[in-house]
Amino acid sequence: MNIKIWGCRGSIPAPSTAGLVTNRYGGNTTCVSVRIGGQLAILDAGTGLRNLGLDLHGQLPVKASFFFSHVHWDHIQGFPFFLPNFDARSSFNLYGRCDPKLKNFSGSTVASALMLQQQSLNFPVALERMGAQLNFFKAEAGAAIELPGADGTLLVTAGELNHPGSCLGYRIEHRTPKGSRVFVFATDTEHEAGPNANLQKLAKGADLLFYDAQYAPAEYSQFVGWGHSTWEHGLRECAAAGVKHMLLTHHDPLRDDWALAAMETDARTAGRKQGVEIEAAREGMEIVL
Ligand SMILES: [Zn+2]
Ligand SMILES: [Zn+2]
């Protein structure tokens, strides 16, 4: 499976400026694509989604499945600017958490948040007028969604993470007759006293963990309860789940390239002592599992 990072900045886009250089790791908010032959899965629709849409524009019509961790702004703001949404031949299945209090679209929080985001005061084109067919589905902790492709199947399982207002992580397994590879998407989660049982279930034996490390370990005490974690705790989750490769994400919008590179070096040095390869995610980075 091919994994590509389109955005890995946390909270709000952080475009590079003279005072805060972010070119190396990128300023767009969360969006990751996972591709196998005949299937495209898109994890979150932060502003990074816009560039994925530009990339797909020459390949219309597009069929893909979106998996939303949650609907905080930094995970949905790219959606109105995703060009394939304006192509009537394209179609998308959108998975996310449901809330029985919401009346429309079977309680899909994703449908509600995207519709609100595109109310006329906020954006000129309503969600239902974009053109592409949008089908909303529930992603439930523990239930696997199967996406059969030309070279195996993507099996996507959700699990609840630890974030204000709730957030889902996803285990994405590419199963082929030759074996399987596993990518785990776990952003917007705060660590607990010990390894997080739900995350452990998702990450057990995974080949790659994409993990929220917004805060440097020394800063974390100022942000307890904000719903984000550190590389140190990510490393602890890796050790407990037998994961050997971790990508740090949800980079703090105030952390420039130099500060992030220094944090990456600290993490990498500590990781190597435990046999875990750690890198900070960078916009444009591609990984083949
Ligand atoms: Zn976020
Ligand atoms: Zn969030």
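**Entry 1**

I started at the zinc ion (ligand 1) and found four residues coordinating it: D74 (OD), H75 (NE2), D188 (OD) and H250 (NE2), at 2.1 to 2.3 Å. I noted that this is a predicted model, so I'm reading every value as computed.

Next I looked at the angles. The 4 donor atoms of the zinc ion (ligand 1) give angles of 91 to 171 degrees, and the site counts as irregular. For comparison, I wrote down that four tetrahedral donors would ideally sit at 109.5 degrees.

Then I went along the chain. The donors of the zinc ion (ligand 1) follow the spacing D-H-x112-D-x61-H. H75 is in the loop between β4 (63–67) and β5 (91–96), while H250 is in the loop between β12 (245–249) and α5 (257–273). That pair is 175 residues apart and links distant parts of the chain. Are H75 and H250 buried or exposed? I checked, and both H75 and H250 are buried.

Which residue bridges the two zinc ions? It's D188, and the zinc ion (ligand 1) and the zinc ion (ligand 2) lie 3.6 Å apart.

I listed the donors of the zinc ion (ligand 2) too: H70 (NE2), H72 (ND1), H163 (NE2) and D188 (OD), at 2.1 to 2.5 Å. Along the chain they follow the spacing H-x1-H-x90-H-x24-D.

Why is the arrangement around the zinc ion (ligand 2) irregular? Its 4 donor atoms subtend angles of 87 to 172 degrees, and that range makes the arrangement irregular.

**Entry 1: T187, next on my list**

T187 sits in the loop between β10 and α3. Its relative accessible area is 0%, so T187 counts as buried.

What does T187 touch, leaving aside neighbours within four places in sequence? I got T30, D44, H75, L161, C167, F210, D212, T249 and H250.

**Entry 2: strands around β8**

How many residues of β8 are buried? Strand β8 (residues 152–160) has 8 of its 9 residues buried, so I wrote it down as mostly covered.

On one pairing, strand β7 (residues 144–149) runs antiparallel to β8, with 6 bridges joining them. A hairpin through 2 residues connects β7 to β8. I found G149 standing opposite G152 in β8.

I then looked at β9. Strand β9 (residues 168–176) and β8 pair in the antiparallel sense too, over 8 bridges. T153 has R175 in β9 as its bridge partner. A reminder to myself: in a regular strand the side chains alternate between the two faces of the sheet.

Is E264 buried or exposed? E264 is in helix α5, and at 5% relative accessibility it counts as buried, because the cut-off is under 20%. Not counting residues up to four places away in sequence, E264 touches R24, Y25, E279 and A280.

I looked for disulfides and the count came to 0. C8 is in no disulfide, and its nearest cysteine sulfur, that of C31, is 11 Å away. C8 is buried, with a relative accessible area of 0%. C31 is in no disulfide either, with the sulfur of C8 as its nearest at 11 Å. C31 is buried too, also at 0%.

**Entry 3: the whole protein**

Last, I zoomed out. The protein has 5 helices and 14 strands. Its radius of gyration is 18 Å, close to the 19 Å that the globule rule gives for 289 residues, so the protein is as compact as a globular protein of that length. The C-alpha trace spans about 50 × 50 × 40 Å along its principal axes.

What share of the 289 residues counts as buried? I noted 56%. Of the contacts with a separation of 6 or more, 66% come from residues 24 or more positions apart.

Key
Residues are numbered from 1 along each chain as its sequence is written. Chains are lettered from A and ligands numbered from 1 in the order in which they are written. This is a predicted model: local features need pLDDT of at least 70, side-chain atom pairs count only at pLDDT 80 or more; totals for chains, interfaces and linings use all residues. Side-chain values use heavy atoms; hydrogens and water are left out. Donors are N, O and S atoms within 2.8 Å of the metal (3.2 Å for Na, K and Ca); water is not among the atoms, so sites may look incomplete. Four donors count as tetrahedral if all angles lie between 85 and 135 degrees; four count as square planar and six as octahedral if opposite donors are over 155 degrees apart and all others between 65 and 115; anything else is irregular. Helices (H or I, at least four residues) and strands (E, at least two) are DSSP runs, numbered from the N terminus. Buried means under 20% relative accessible area, exposed over 50%, partly exposed in between (1.4 Å probe, protein chains only). Two strands pair if DSSP finds at least two bridges between them. Contact means heavy atoms within 4.5 Å. A disulfide is a pair of cysteine sulfur atoms within 2.5 Å. The radius of gyration is taken over C-alpha atoms; the globule rule is 2.2 Å times the number of residues to the power 0.38.
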